[in-house]
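Let's take a walk through a protein model together. Keep the picture open as you read, and look things up as we go.

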Amino acid sequence: MQKYSIFSLARHTLTGHADWTEAWRSPEPKATYDVVIVGGGGHGLATAYYLAKEHGINNVAVLEKSWLGGGNTGRNTTIVRSNYLWDESAHLYEHALKLWEGLSRELNFNVMLSQRGVLNLAHNQHDLREISRRVHANRLNGVDSEVLSTDQVKAFCPLIDCSPGVRYPVLGASLQRRGGVARHDAVAWGYARAADALGVDIIENCAVTGIRRSGGAVEGVETTRGFIKAPKVALAVSAHTSHLAAMADLRLPIESHPLQAIVSEPVKPILHTVVMSNSVHAYVSQSDKGELVIGAGIDGTVSYAQRGGFPIIEDILKAIVHVFPMFSRLRMLRQWAGTVDICPDASPIVGLTPVGGLYVNGGWGTGGFKSTPGSGHVYAHTIARNEPHPLNAPFSLERFSTGALVDEHGAAAVSH
Amino acid sequence: MYLIPCPWCGERDQSEFRSGGEAHIARPLEPEHLNDGAWADYLFMRTNPMGLYRERWVHAHGCRRWFNMLRDTVSDRILAVYHMDEAPPEPGDES
Amino acid sequence: MSDQTHRLAAGGGVDRTRPLAFTFNGRAYGGFGGDTLASALLANGVHLVGRSFKYHRPRGILSAGPEETNALVQLGRGGATDPNHPATTVELWDGLEARSQNCWPGPRFDLGSLAESASPLITAGFYYKTFMWPARLWPLYERIIRHAGGLGRSPTEPDPDTYEHVNAHCDVLVAGGGPAGLAAARAAAGTGARVIVAEQDPAFGGALLNETEETTIAGAPPLEWVERTAGELAAAEEVRLLPRTTVFAYYDHNYLALVERLGDHLSPAEGTGRPRQRLWKVRAKQVVLATGAIERPLVFADNDRPGIMLAGAARAYLNRYGVKPGNRAVVFTGNDDAYRAALDMVAAGATVEAIVDLRPEVSGALPHRALDAGIPVLAGHAIVATHGRHRIQGVSVMALNDDATGVTGAARDLACDVVLMSGGWNPAVHLFSQSRGRLRFDDERAIFVPDTSAQAERSAGAANGTFSLAQCLAEGARAGLAAAQEAGLDGTAEPAPEVDETQESPARTVWVVPTRKTRGARMFVDFQGDVTVKDLRGAVREGYRSVEHVKRYTTAGMGLDQGKTGNVAALAVVAEAVGASIPEIGTTTFRPPYTPVTFGAIAGRDAGDLFDPVRKTPIHRWHADHGAEFEDVGQWQRPWYYPRKGESMHDAVQRECLAARRSVGILDYSTLGKIDIQGRDGAELLNRVYTNAWSKLAIGRARYGLMLGEDGMVMDDGVTSRLGETHYLMTTTTGNAATVLGWLEEWLQTEWPDLKVHLTSVSEQWATVSLCGPNSRRVVAALNPDIALDGEAFPHMSVREGRILGVATRIARVSFTGELGFEVSVPANHGLALWEACMEAGKDYDITPYGTEAMHVLRAEKGFIIVGQETDGSITPGDLGMDWIVSKRKADFIGKRSLARSGVAGGERKHLVGLLTDNANEVLVEGAQLVEDAQSCPPVSRPPVTMVGHVTSSYMSPNMGRSIALAMVKNGRDRIGARLFVAMEGKAIPVSVVRPVFFDPEGGRLDG
């Protein structure tokens, strides 16, 4: 692997940057691998990297039906945080955040993690109670988290309209200072390059069309580029998890829904933190390029069309203008949708399946991007040892039978 | 935004409707006789298909009636709507 | 004010009788009505408008439309400032202020241009490769990167303008009011169809606005035809013409979004009182896309200097605005169309030094006319270098080899002050692509054209790859008629008008114009992002082979213009580098919006106070008049507490709580959800949706119910009364009223259609006043209802109907405080009268209004739960200690089976308990977490720490004379009497676990 640094950059200027080598190879698929990972997004590539690096398993192929990172990895709003309510989630996302914090150097690829803080605004008494509960739990789980008063919100992010007269005034917030944003594409590219350097074959434009099984265990995958034999097949295909699992006659408690996002025109730095408001449905940060990156709510319908309804865009921009009246004159530059896979308890499934050698990692909903390194890390462990890592053990498929769910929907609205 | 042909009211914007998830998942008549797995199957397992999808909708801001719909989840084309007690149209004769 | 040195004496559509003053970078200039900022700047000889994103290269005006990628300016000052507006679409108004962006102190001398000297280092994707060491400096690096990013500046004050929305339906929506669009609209209108024509420009006519009178339609100059047609359309009853309106998004099922600019072209004084922009949400039966075409720049060495512009743009400035973009031009082209620009320049009195044509041989009408006009034509030549920094000063030209892969011979230098280039025209297929139509690459003409439609739409004219005017008109008319017919209207075609236009000979496409080996020369593909041919090729070499990867790695096409001018050339460069054809590597997806759309326009009027409806009870005014502080509960505003003069919230709540137990308290309970249930199977419905049994509830009696989700978790609670044989009234929590009604309807319609039950929401039909306390009966009695109120006739948990204060009433004897209590309901418009009567009747008992906060304290004193506070979607009735309400005898109810799952029935559960602090004055923080061991709290112990539960409710209870709290604790009921610790920052507060009933555990006070 060509080392990236300011010195290598300087050296390459002498040759006009003409001799940089490929960040990853484009090999022909081999007939057999120890592990085939289906899906070349952040999760699949991270899994391959940790399989090779932590478990010494490098006879691994990552099969991507299109281009690397073209699914939700390249479509999300890049927020990274770990301030989840339940212990199980907090531990998993905090594991991810710790890996994020060293990721650029680990991969020798700058994923531009920007720990500029994540604010969650409270607009009513119920929000305040929920924030207090989450912050207290976060701290005891080792997740940095604090409660801010309205004045502190104003001081931390002066753009937020904290006046008492607005429809839903800001009554306070939680803040995770270690939260922030990262450069989404770089995560896929960085893991791809590092995994490739450890011997992993990354095969683009290779769609899986079937999962061959014998005696309740997998034998390999049928692909558009022929049959590939492997005793272990690991799915990391987000919205297509149900579809792939069905190839092994497996039904999952997952539904795929559109999730939209927009960016504004680029402006000079103005918003220096990530602001989220569950009550008015506003999620916004500013990218290093200067665009405001704004997330919307999930559409209620199952759809793979990668587009959502315009009313949701109207709602999200109403909310943005409510919280940031000065952004009213900025303009929407681009609008798009990803397809997110959601479990009934809004927590992922990472673990074994009833089919021997078949592993599933999906159902991340809106949590997929921020979990990427952690997800890949524990999934690699699960695949290598054929048993879950303690951190993903609670996120088994069995929980839907036993009822031991990890319900991250956030508490229901208060009712009295 | 879809244009949904409510079987009672005619074509209306999607914003008047609420999606009610997959159709034809009947509630088991004797839940106590099911094991946990079978109950979870009813409760949580969904086909989530890429392609033809039979789903339930309610005209929430209209007649408040529930109905079934056949939609292609890839193109988002609506192929048919039918009453709750009707059998789903066979793929192909929805035109 | 400077002279308009480059304004032609006559011609064009500007209004020379309407002079307008404006400033650019603080300097005063003049223009005319009908100018854009760009045309007015050019009229004043100003080409240098700003600096590029990355290298801060001086940039001028490339185009004359919304595809502009270089000439972006900041408009206005203060709160109403607007960043990143293309000077080419800004209509001039008197007093307009504009400034250059991304440069300091100005575009002529810009400190940021130092970046260009570092440019060998800051190649595409450089930031992925560096800034990793040392880690602690990354925040600094990032600040520098962020500072370099962005273009204009965001407003920092609230937007002073307003916006509005309109919904519209039509038979045919025509996007684009050029020749094809107008012809389509005319044909469709002829059938009587409802037609909407949206044109982004202030004027209809499209490319015809830039045409000379040599072309004729039906024997007349083109603008006469435009005027006549637009006039006919304006007069047609079913046609709506929308100038200054961009169709920016094409969504599913022929739903399109348009933005109409109502005030952007007006000075603040002219625009006062009107909305700035209007969003049209159109459901069209049929759509005709007549969005025209966008000219492609040529990709050649240093093709970005100010003064290098598109040939078609030059024609717009000459013919539409009466502005001569320069005095000495070089035209660089591979097609005939640019010859028109050369001829127009000569006609305007400028010199054309040469037409440099990529085609080895040039023939046909237009080249002949150019030669006749004395313009030198250099066929088979290319520009290999350009000179001049703030303005083009000259070009070097060499001969091309046969396959246009290199140049030969000696270079010739040509002096010039403007270069007019044309790389051909791309159909504007953006909306077609947004509609999910499939594009086809036309190899011969090297353009993407619409292929297969996905929705009820058709493309016409240049948007469809049809460039001859005669064919545009004919195709437009055909499309308009066909659209109307498919929308169900009848009509026939009229013959298309005769058109006299000059025919063109075939073009040659050279994606990357070869050059000499020149160090430092750059061939820009995406001007705004400073993306060069070298960047694109470098990305492919580094393995970013998919178009999407290249785009993302180099940022090509990601700027404000979203690649309108550069995308196809970028595709061609990538295709060549990958060794594939353009169709093989595919096109990128065009996403909405076509051009940027103001957030305010999309948000509409629902800003500020109108963000969300406010729901107020019929008694709201009284509360407000009596100083109540309100709390938002969903959309409802409920009185939170009623502070008296000088009282803190704490004081007020304590006083209200005491009064309610000592004498009588009064609460506005009108927000309670109320569902009227009628029909034979009402009881059966209740049996199925509540955990307890309802069959034996007598008429006139009421019962508390707990509603579970099918997952067994508590979702709502409330009291339901039986009013008659087949008549029940269910109450729900305030926040869940709509949810519960929807839930019941869903079951009835989808699973239990056999049940004969009808549901009606009556939440807002009734106002409810809740009275509690030992004197509550006396207050109700003073209102003289025709209902016996004594305990025997009207026991706890019963309901009576009758009359009170002359109106119908329902009175329920229920209690959420543990006191004797009556909930008196009357028709909503009598609610205020009832409240006031109660206040009057209660005077002698010091009746005290209390708000939601006191209500919370009072119920917590009794250990009553609030759904959403004690519960969070993961709590079962058993967890709440409410097994008593879960029927063992009923075979089934919603959620029953889920309670028996192994992980629910067998698992370790959290239980509702009470907590008491050692210090009676210490009020715990709601949401605080509980641990078993004081030593396990940070900082003594390192996280993660095992938590056993959390505080759900916590108050100072005046009736107990101490603080109380409710909590959900693992195995809590087994811990009654045990000690736990509340883990706070830096301290652990010891608490005792107690039963969750603090006040009157025997319930003796219910009967007053």
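We'll start where two chains meet and then step inside one of them.

First, a reminder that this is a predicted model. Now find the place where chain C and chain A touch: chain C brings 130 residues to the contact, and chain A brings 107.

You can look one up yourself: Arg329(A) and Asp159(C) join their side chains in a salt bridge, at 2.8 Å from N to O. There are also 56 residue pairs in polar contact between chain C and chain A, counting pairs with both residues at pLDDT 80 or more. On the side of chain C that touches chain A, helix α4 (residues 138-148) of chain C supplies the largest share, 6 residues. That side is made up of 57 nonpolar, 43 polar and 30 charged residues.

The chains share some strand pairing as well. Strand β17 (residues 331-342) of chain A runs antiparallel to strand β31 (residues 597-598) of chain C, and 2 bridges link the pair. In one of them, Arg331(A) has Thr598(C) as its bridge partner.

Now step inside chain C and look for helix α5 (residues 179-189). Because 10 of its 11 residues are buried, α5(C) is largely enclosed by the rest of the structure. Among the buried ones are Pro179(C), Gly181(C) and Leu182(C). And what do the buried residues of α5(C) pack against? Their neighbours in chain C include β8 (163-175), α6 (222-235) and α12 (469-486).

Notes. Residues are numbered from 1 along each chain as its sequence is written. Chains are lettered from A and ligands numbered from 1 in the order in which they are written. This is a predicted model: local features need pLDDT of at least 70, side-chain atom pairs count only at pLDDT 80 or more; totals for chains, interfaces and linings use all residues. Side-chain values use heavy atoms; hydrogens and water are left out. Contact means heavy atoms within 4.5 Å. A salt bridge is a side-chain nitrogen of Lys or Arg within 4 Å of a carboxyl oxygen of Asp or Glu. A polar contact is a pair of N or O atoms within 3.5 Å; within protein, one must be able to donate a hydrogen and the other to accept it, and residues adjacent in sequence count only if both atoms are side-chain atoms. Helices (H or I, at least four residues) and strands (E, at least two) are DSSP runs, numbered from the N terminus. Ala, Val, Leu, Ile, Met, Phe, Trp, Tyr, Cys and Pro count as nonpolar, Asp, Glu, Lys and Arg as charged, and the others, Gly among them, as polar. Two strands pair if DSSP finds at least two bridges between them. Buried means under 20% relative accessible area, exposed over 50%, partly exposed in between (1.4 Å probe, protein chains only).
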